Amino acid sequence: MSTLRCGLFVIALATAFSIPARAENSNITVHNNSSFAIHHMFLSPVGEGKWGADQLGEHVVAPGGQYELQDVPCADYDLKLIDEDGDECEVEVPEVCGADEDWNIEDAGLLECEGFGE
């Protein structure tokens, strides 16, 4: 199984509230707007080089479904998604800090990670 570094953002970020002056943890709702079930999701602070625990545990985010990550500490993250076929996609996401956010997983980004995108 190969891991491809995705040049296109797989997720679009929408900040629900303005970022407060002090650093606080965030709640992130992951919306699967793709045609693929997401079976695993890992976070790693940028540059750390080690993936944390599977954020989904036993959960699967079906197409059209969502999952909430709670109390995510302030940091810039790399995100690794593994879909139903075992395909992996890694992306860097902008700083998460003190605001509730929505991350949207789209077909275009996942397919680009698999080498089928533009």
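**Reading the surface and core of a predicted model**

The accessible surface of the protein chain comes to about 6300 Å² (Shrake-Rupley method, 1.4 Å probe), and 48% of this surface belongs to carbon and sulfur atoms. This is a predicted model, in which local features need pLDDT of at least 70 and side-chain atom pairs count only at pLDDT 80 or more, while totals for chains, interfaces and linings use all residues. Residues are numbered from 1 along each chain as its sequence is written, and side-chain values use heavy atoms, with hydrogens and water left out.

Me: Which elements does the protein chain have?

Reply: Helices (H or I, at least four residues) and strands (E, at least two) are DSSP runs, numbered from the N terminus. Here there are 8 strands and 1 helix, in the order β-β-β-β-β-β-β-β-α.

Me: Which residues have the most contacts inside the largest nonpolar core?

Reply: In soluble globular proteins, nonpolar side chains tend to be buried together. A nonpolar core is a set of buried Ala, Val, Leu, Ile, Met, Phe, Trp, Tyr and Cys residues joined through side-chain atoms within 4.5 Å; buried means under 20% relative accessible area (1.4 Å probe, protein chains only). The largest such core has 22 residues, and L69, L79 and W103 have the most contacts inside it. Elements giving two or more residues to this core include β3 (26–33) and α1 (107–113).

Me: Is S44 buried or exposed?

Reply: S44, in strand β4, has a relative accessible area of 3% and is therefore buried. A polar atom of the S44 side chain lies 2.7 Å from the backbone oxygen of K50.

Notes. Buried < 20%, exposed > 50% of the residue type's maximum accessible area, 1.4 Å probe, protein only. Polar contact = N/O pair within 3.5 Å; in protein donor to acceptor, adjacent residues only side chain to side chain.
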